[in-house]
Amino acid sequence: MLKKFSAITLSSILIMALLSISVMADPYKDIHVGAGETVIEGVWFDSGADNYYDTNPSEGNHDIRPDEGVQTYDYLINNDYVGGRETDTPSCVAWINAGEWVQYTIQVDVAGKYQLSAWLASDTMEAGFIAYYDGTQIGEAICEPFDGWHDYTLYTVGSVDMTAGTHVIKVEFPDGGLNFESMVFDDAAAVAAIQAATTTEAPTTTAAPTTLAPATTVAAADTTAANSDAAASGTTASGDNSSGSNWIIWVIIAVVVVVVIVVIIILVTRKKK
């Protein structure tokens with residue numbers, strides 16, 4: 001009897017587990033996370049009322065997912081997107097109240113550490129955004145009320161080590177009062193490498209003036225030497241010109257003396273006659 005009961009109990013547990021898995025794994029999109037960057041649109045939440053919680057399904061718009069209780073907003077239809085992530089199909093989860101949540105079934109193709117960020121907007125209050133990986137919290141972001149409901153800012157949520165396979169990302173909105181456009185998974189190693197490269201580039205640019213300074217000094221010294229040489233050359237030339245002038249003066253004097261002597265001789269000769 002005990003064995004029979006145990007077998008029935010075990011079968012019931014297995015059936016319930018299978019039913020639970022079938023309810024949990026009902027993705028709206030085939031989302032793959034791998035090396036590089038993976039963008040998950042907010043409106044891609046898993047289908048079915050068991051995979052999200054909305055306090056008032058009848059309020060707001062249901063532009064993207066009219067068959068679901070979560071409010072979705074299509075900016076192309078309403079023509080009022082302000083700014084944020086560059087995309088050709090802007091949309092968001094909107095009319096979010098405190099305590100609501102949505103979840104996303106993903107396939108991780110490359111195991112590793114990933115950084116999670118989210119594009120959020122608010123107009124009235126600071127609003128929380130909490131993300132979980134298979135029930136374990138990844139991190140939290142606080143959305144600031146900047147320029148309105150449709151002007152998005154990218155917030156860092158946290159980092160998580162993910163194994164290859166199927167996983168569930170759950171997003172909670174403890175305060176409500178925000179719009180959720182999308183979340184982004186980045187390979188944490190690639191992000192760290194980019195940050196390191198950006199940091200090491202700074203000394204190269206600041207070193208440039210230091211290497212130029214000696215060359216400028218040498219150039220100045222060369223200019224000074226050239227000026228000194230030019231001055232010396234000018235002095236020598238002046239001396240040479242002075243010597244030439246003195247020689248001409250002595251020749252003129254000698255000619256004058258000779259002329260005077262000749263004149264005197266002529267006068268003396270005439271008197272004797």
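**Entry 1: a buried pair**

I began with glutamate 68, which counts as buried at 10% relative accessibility. My notes use buried for under 20% relative accessible area, exposed for over 50% and partly exposed for in between, with a 1.4 Å probe and protein chains only. I kept in mind that this is a predicted model, where local features need pLDDT of at least 70, side-chain atom pairs count only at pLDDT 80 or more, and totals for chains, interfaces and linings use all residues. I also noted that residues are numbered from 1 along each chain as its sequence is written, and that side-chain values use heavy atoms, with hydrogens and water left out.

Which residue forms a salt bridge with glutamate 68? I found arginine 65, with the closest N and O atoms 3.8 Å apart. A salt bridge here is a side-chain nitrogen of Lys or Arg within 4 Å of a carboxyl oxygen of Asp or Glu. Arginine 65 is buried too, at 2% relative accessibility.

**Entry 2: the whole chain**

I stepped back and counted three helices and 12 strands in the chain. These are DSSP runs numbered from the N terminus: helices are H or I with at least four residues, strands are E with at least two. Of the 273 residues, 31% count as buried.

I then looked at contacts, meaning heavy atoms within 4.5 Å. Among those between residues at least 6 apart in sequence, 70% join residues at least 24 apart.

The chain exposes about 16,300 Å², and carbon and sulfur atoms supply 63% of that area. Accessible areas come from the Shrake-Rupley method with a 1.4 Å probe, and for residues only the protein chains shown count as cover.

I checked pLDDT, the predictor's confidence in each residue from 0 to 100. The chain averages 80, and 70% of the residues score at least 70. Over residues 13–23 the pLDDT stays under 50, and the model has two contacts for them beyond four places in sequence.

**Entry 3: salt bridges around arginine 85**

How many salt bridges does a search of the whole structure find? The search gives four. In one of them, glutamate 181 pairs with arginine 85, the closest N and O atoms being 3.2 Å apart. Glutamate 181 lies in strand S12 and arginine 85 in the loop between helix H2 (75–78) and strand S5 (91–93), so the pair ties together parts that are 96 residues apart in sequence. Glutamate 181 is buried at 1% relative accessibility, and arginine 85 is buried at 13%.

I moved on to lysine 170, which forms a salt bridge with glutamate 172 at 3.6 Å between the closest N and O atoms. Lysine 170 is partly exposed at 25%, and glutamate 172 is partly exposed at 23%. Back at arginine 85, I saw that salt bridges with shared partners join Glu41, Arg85 and Glu181 into one network.

**Entry 4: serine 182**

Is serine 182 buried or exposed? Serine 182 is buried, with a relative accessible area of 0%, and belongs to strand S12 (residues 179–187). Its side chain makes a polar contact of 3.2 Å with the side chain of arginine 85. Another polar contact, of 2.5 Å, joins the side chains of serine 182 and glutamate 181. A polar contact is a pair of N or O atoms within 3.5 Å; within protein, one must be able to donate a hydrogen and the other to accept it, and residues adjacent in sequence count only if both atoms are side-chain atoms. Leaving aside neighbours within four places in sequence, serine 182 touches residues including Glu41, Arg85 and Trp119.

**Entry 5: two positive phi angles**

I looked up backbone angles, knowing that most residues other than glycine have a negative phi. Asparagine 79 has a positive phi, near 55°. Asparagine 79 sits in the loop between H2 and S5 and is exposed at 70% relative accessibility. Tryptophan 95 also has a positive phi, near 50°. Its place is the loop between S5 and strand S6 (100–108), and tryptophan 95 is partly exposed at 34%.
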